[in-house]
Amino acid sequence: MGKVYFLDVTNRDGVQAARLEMSKFQRTMVNYYLAQMRVSQSEFGFPFIWSEHNYIEANLELQEKGILGNMMLSGWCRAVAGDVEKALQHHKKIKYLSLSTPTSDQMLAGKFRGRLDKDSLIATMVDAVNVALSNGIEGVVVNAEDASRTDIGYLIRFAEAAKKAGAKRIRYCDTLGYESPESIYRRIYALASEVGLDIETHCHNDLGMAVANSISAAQAAVAAGVDVYINTTVNGMGERAGNADLLSCILAIKFARGIADKLEFGQE
């Protein structure tokens, strides 16, 4: 049976919340306390951005010295080969990357304005994954931005290409907080069953259902036989209405009626 892990994105997505300012030291302490909680992974920043350089290097040093225990540190990049090359040029010790690109028709039209179609989008993503893996990255997650509004057939094809390229997980992003527990269960189950790739859930709270959607998606992934990594933030902080709250997700899995016997925590 698949297990549930937590990948906290406070230091990447959470700090994008309006009117929230966190120093590099505060973000470092968040990583320290996440490690104390035995959170599996922290998406700790943007390694291709120059202003993050000292913070990224300092946290990688803490990881190397064992201060962060077994918690993995992963950087966020666009799924563009040039961004990956720039990140790895400056940060030789980073071992995990999340590579992100939009997949919905709305995002393709709005962000790329005809520069990429669905086939070239997949090709660009695969190039980025290949660059990462050929330069010593041990684990790549491919993020499907706006996955909740993406045609499920195309999403499966996108995830299959990511898996073939060597990605370890696919991130299902409910970028607009659009899902309901029932709808996300159906889509995650179809995606995980068809592709056989571990799933990440990345739910926003615009409709107040980020935690419920995350738990429902986790149940679907586990039922389909894969591991699931729930993306969370501390206190649910994040852009717009926020993300799935770390503590609430933990408590829901431990104590909510009918959940504890269906989901099991994993530990890296």
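**Salt bridges and a buried valine**

A network of salt bridges links R12, D13, E43, R169, R171 and E200. The model is predicted, and it holds 17 salt bridges in total. The points below take up three further pairs, R27 with E52, R187 with E179 and D206 with R240, and then turn to V9, a buried residue whose contacts include E43 and R171, both of which also belong to the network.

**The pair R27 and E52**

- R27 and E52 form a salt bridge in which the closest N and O atoms are 2.9 Å apart.
- Because R27 belongs to helix 1 while E52 sits in the loop between strand 2 (41–45) and helix 2 (53–64), the pair ties together parts of the chain that are 25 residues apart in sequence.
- R27 has a relative accessibility of 5% and therefore counts as buried, the cut-off being under 20%.
- E52 likewise counts as buried, with a relative accessibility of 5%.

**The pair R187 and E179**

- The side chains of R187 and E179 meet in a salt bridge, with an N to O distance of 3.6 Å.
- R187 has a relative accessible area of 17%, which places this residue in the buried class.
- E179 is also buried, its relative accessible area being 3%.

**The pair D206 and R240**

- A salt bridge joins the side chains of D206 and R240, with 2.7 Å from N to O.

**The surroundings of V9**

- V9 is found in the loop that runs between strand 1 (4–8) and helix 1 (24–36), and the residue is buried, with a relative accessible area of 0%.
- When residues up to four places away in sequence are not counted, V9 touches G14, E43, R171, H202, N231, T232, T233 and N243.
- Among these contacts, E43 and R171 are members of the salt-bridge network that also includes R12, D13, R169 and E200.
- The C-alpha atom of V9 is separated by 11 Å from that of S40, a residue 31 places away along the chain.

Technical notes: Residues numbered from 1 in each chain as written. Predicted model: local features only at pLDDT ≥ 70, side-chain atom pairs only at ≥ 80, totals over all residues. Heavy atoms only, no water. Helix = DSSP H or I, 4+ residues; strand = E, 2+ residues; numbered from the N terminus. Buried < 20%, exposed > 50% of the residue type's maximum accessible area, 1.4 Å probe, protein only. Contact = heavy atoms within 4.5 Å. Salt bridge = Lys/Arg side-chain N within 4 Å of Asp/Glu carboxyl O.
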